[in-house]
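Keep the sequence and the 3D view open as you read.

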Amino acid sequence: MLLTRVELHLLRVGRCRHPEWVTLRGGRLAAIDFPALAALIVHPTAGPILYDTGYADHFTSATTPFPERLYRWLTPVHLPQEERLGAQLGRFGIGLGDVRKVLISHFHGDHVAGLRDLPGAGFLALRDDLLACLGRTRWQALRRGCLPALLPPDFPKRLTLVDERPVVDLGPAWAPFTAGYDLLGDRSLLGIPLPGHSPAQLGVLLRTMDDRTVLLAADACWSARAWREGRLPSIVARPLFADWASYRRTLAGLREVADRQKELLIVPSHCAETLAAFGAEIQ
Ligand SMILES: [Zn+2]
């Protein structure tokens, strides 16, 4: 099913602090760090590709006015110099201008804040996530966790809708996820809709050079414990989700797949434990 292997590096591009119990039922009362993931995918011929960007200074400028400032109050952000996307890509000899594509999981600020810093990149996103963000009033967009100011002015010209890519049958091992979008046309990166947290949410399935199958799962679960133990976020977090019933179905689906495929590595975007377990290359 996956034909071309890619190099994968998981980067923590800033973090925010939040009480654990909000994100995980039965979690600690204390505030803990939630890393913001950007995955660097180096494709053998298509060059450097990112899955999300993590935080960037644009998040601060976009959340300076009111009402957007509420976003910053809710999730206080820490972005030290060495965690910035440019600094981290630089360690691989890659400049911000070298990134060819960004696969956008969804349009929440902690996933797309760095798009304006990537002048050479095309963007791929699912249609329903885009519609939830664009053409809204400021309050409506904010209510959905979107900050339209984070998108470059030429965003529509640089966008490819994932929904228009060819579809690949995933086979019974991946049920209830039945089909993936062949993002590059060479079966190296398959886009898997993981709806609920946002209306559509793009997960990405890939095989690494050392033969690990990885599902980049964004916010379909906020931690490894969430999919391992089937633990939902607190009821307090529910208004942040686009469709709660569909979020529960997606989480249950991840558990089902993980049960069947013991070797599969599911990577939530905000799980410190998963990032640490992936290896020393985490920056
Ligand atoms: Zn999100």
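**Metal site and pocket**

Q: Are H108 and D219 buried or exposed?
A: This is a predicted model. Buried here means under 20% relative accessible area. H108 and D219 both count as buried.

Q: Which residues are the protein donors of the zinc ion?
A: The donor atoms lie 2.1 to 2.3 Å from the zinc ion. In sequence, the donor residues follow the spacing H-x1-H-x88-H-x21-D. They are H106 (NE2), H108 (ND1), H197 (NE2) and D219 (OD).

Q: How many residues apart are H108 and D219?
A: H108 sits in the loop between β5 (101-103) and α5 (109-112). D219 sits in the loop between β12 (213-218) and α9 (224-229). The pair links distant parts of the chain, 111 residues apart.

Q: Is the site of the zinc ion tetrahedral or irregular?
A: Four donors count as tetrahedral if all angles lie between 85 and 135 degrees. The angles among the 4 donor atoms here run from 86 to 172°.

Q: Which residues are closest to the centre of the largest pocket?
A: The largest pocket holds about 830 Å³ of space. Its lining has 33 residues. The closest to the centre are Y71, L74, H108, G145 and L240.

Q: Which element supplies the largest share of the lining of the largest pocket?
A: The lining divides into 19 nonpolar, 9 polar and 5 charged residues. Elements supplying at least two residues each include β1 (7-19), α1 (20-23) and α6 (127-133). The largest share is 3 residues, and it comes from α3.

Key: Residues are numbered from 1 along each chain as its sequence is written. This is a predicted model: local features need pLDDT of at least 70, side-chain atom pairs count only at pLDDT 80 or more; totals for chains, interfaces and linings use all residues. Side-chain values use heavy atoms; hydrogens and water are left out. Donors are N, O and S atoms within 2.8 Å of the metal (3.2 Å for Na, K and Ca); water is not among the atoms, so sites may look incomplete. Four donors count as tetrahedral if all angles lie between 85 and 135 degrees; four count as square planar and six as octahedral if opposite donors are over 155 degrees apart and all others between 65 and 115; anything else is irregular. Helices (H or I, at least four residues) and strands (E, at least two) are DSSP runs, numbered from the N terminus. Buried means under 20% relative accessible area, exposed over 50%, partly exposed in between (1.4 Å probe, protein chains only). On a 1 Å grid over the protein atoms alone, a cavity is a set of points where a 1.4 Å probe fits but cannot get out, and a pocket is an open set with protein on both sides within 12 Å along at least five of seven lines; lining residues have an atom within 4 Å of a point. Grid points are joined across faces, edges and corners, and a volume is the space filled by probe spheres set on the points. Ala, Val, Leu, Ile, Met, Phe, Trp, Tyr, Cys and Pro count as nonpolar, Asp, Glu, Lys and Arg as charged, and the others, Gly among them, as polar.
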